[in-house]
Amino acid sequence: MDLDVFVSAHRAEWDRLDTLLRRRNLTGTEADELVTLYQRTATHLSLIQSSAPDPQLTGRLSQLVARARSAVTGTRRASWRDVTRFLTQSFPAAVYRSRHWWVPTALASTALAALLGWWIGTHPEVQSSIAAPDELHALTRPGGQYETYYSSHPAASFAAQVWTNNAQAAAMCLVLGVFLCVPVLWILFQNMLNLGVGIGLMSSAGRLDTFLGLVLPHGLLELTAVFVAAGTGLRLGWTVIDPGPRTRRTALAEEGRAALGMAIGLALVLFVSGAIEGFVTPSGLPTWARITIGIAAELAFLAYVYVLGGRAARAGDTGDVEAAERSATVPTAA
């Protein structure tokens with residue numbers, strides 16, 4: 001594209017759009033003209049960004065398009081309709097669309113935690129490298145630190161602390177995925193290592209059933225949320241490497257907006273798991289009852305994703321913002 005020729009050909013349209021935007025009252029004909037010029041200018045901006053990016057011109061047109069969009073669509077405020085749409089369509093659809101990333105992530109991570117647990121549990125020399133024998137005994141004995149951890153603080157404050165920590169880890173997976181997946185893999189490994197250490201040490205003490213009885217009630221839903229965040233972060237990182245038929249800028253914008261929405265949704269999921277960890281895990285309920293609550297919460301989430309999310313995804317919802325709120329782009333050939 002010859003940028004000078006392009007600017008000369010369309011400058012008058014941009015100036016006319018700027019003039020119309022400065023007017024307080026428009027006639028019907030002028031309003032129609034404004035809409036037409038807004039659409040043309042948005043297309044011009046996309047062409048310049050993809051073919052001959054010029055910072056100064058791109059900045060001017062971006063500002064012009066933003067002002068025109070505001071004039072055409074008006075100021076929009078969030079409503080309960082947006083909240084309902086997010087919870088029943090956008091969030092579950094985004095999780096459903098990412099299932100080919102987070103389901104394998106969950107399976108591989110669980111296998112890794114089990115393998116680490118077996119390795120630690122069957123190798124005393126590995127256990128001795130973790131802590132001294134008396135410290136290991138303090139961790140794994142009846143009434144030891146692994147058991148008292150869940151009742152060491154008031155339930156409400158403990159649930160809030162757990163929720164904050166887990167939501168932060170999930171958000172980091174979603175945000176850091178853009179750095180070619182590496183930080184996500186490291187965060188995921190650290191989580192699986194911690195789980196594997198617990199499995200290994202408690203199994204070596206003959207108390208694996210106690211450990212699982214404490215972890216499963218909240219851990220099923222909590223780990224699923226972490227796996228969803230990690231899988232989505234990996235998908236975002238892969239988008240940088242292979243954006244597909246979309247431009248890299250467009251692909252990252254779309255997947256990034258969906259990931260941001262997932263961070264909010266997963267924070268709600270982790271709030272539920274944090275409440276279970278704070279109030280159910282340390283409760284006096286029998287082990288089978290606590291595990292049943294954890295399984296019920298996990299099955300409810302999976303049904304939510306695969307039923308509501310699957311339906312919304314098949315209807316075309318990607319978890320991105322509504323089409324009217326996206327920046328205008330030029331269609332890209334597959």
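Student: Which residues make the nonpolar surface patch of about 430 Å²?

Tutor: This is a predicted model, in which local features need pLDDT of at least 70, side-chain atom pairs count only at pLDDT 80 or more, and totals for chains, interfaces and linings use all residues. Residues are numbered from 1 along each chain as its sequence is written, and side-chain values use heavy atoms, with hydrogens and water left out. Patch members have over 30% relative accessible area and no salt bridge; nonpolar side chains (Val, Leu, Ile, Met, Phe, Trp, Tyr) are joined within 5 Å, like charges within 9 Å, and areas follow the Shrake-Rupley method with a 1.4 Å probe, only the protein chains shown counting as cover for residues. The patch is made by W80, V83, L87 and L268.

Student: Which helix gives the largest share of the nonpolar patch?

Tutor: Helices are DSSP runs of H or I with at least four residues, strands are E runs of at least two, and both are numbered from the N terminus. V83 lies in helix 4. Three residues of the patch, the largest share, come from helix 4 (residues 80-97).

Student: Is V83 buried or partly exposed?

Tutor: Buried means under 20% relative accessible area, exposed over 50%, and partly exposed in between (1.4 Å probe, protein chains only). V83 has a relative accessible area of 36%, so this residue is partly exposed.

Student: How many salt bridges does the structure hold?

Tutor: A salt bridge is a side-chain nitrogen of Lys or Arg within 4 Å of a carboxyl oxygen of Asp or Glu. By that criterion, the structure holds eight.

Student: Which parts does the salt bridge of E13 and R40 tie together?

Tutor: The side chains of E13 and R40 meet at 2.9 Å, N to O. E13 lies in helix 1 (residues 3-22) and R40 in helix 2 (residues 28-51), so the pair ties together parts 27 residues apart in sequence. E13 counts as buried at 19% relative accessibility, while R40 counts as partly exposed at 42%. The parts tied together are helix 1 and helix 2.

Student: What separates the closest N and O atoms of R23 and E30?

Tutor: R23 is partly exposed, with a relative accessible area of 36%, and E30 counts as buried at 15%. The two form a salt bridge, and their closest N and O atoms are 2.4 Å apart.

Student: How many residues apart are D317 and R85?

Tutor: D317 forms a salt bridge with R85, with the closest N and O atoms 3.4 Å apart. Both residues are buried. D317 is in the segment after helix 13 (287-314) and R85 in helix 4, so the pair links distant parts of the chain, 232 residues apart.

Student: Which residues does G310 touch, not counting residues up to four places away in sequence?

Tutor: G310 is found in helix 13 and counts as buried at 0% relative accessibility. The C-alpha atoms of G310 and P92 are separated by 7.7 Å, although these residues are 218 apart along the chain. With contact meaning heavy atoms within 4.5 Å, G310 touches Y96 and V305.

Student: What is the average pLDDT of the protein?

Tutor: pLDDT is the predictor's confidence in each residue, from 0 to 100. At least 70 is scored by 92% of the residues, and the protein averages 85.
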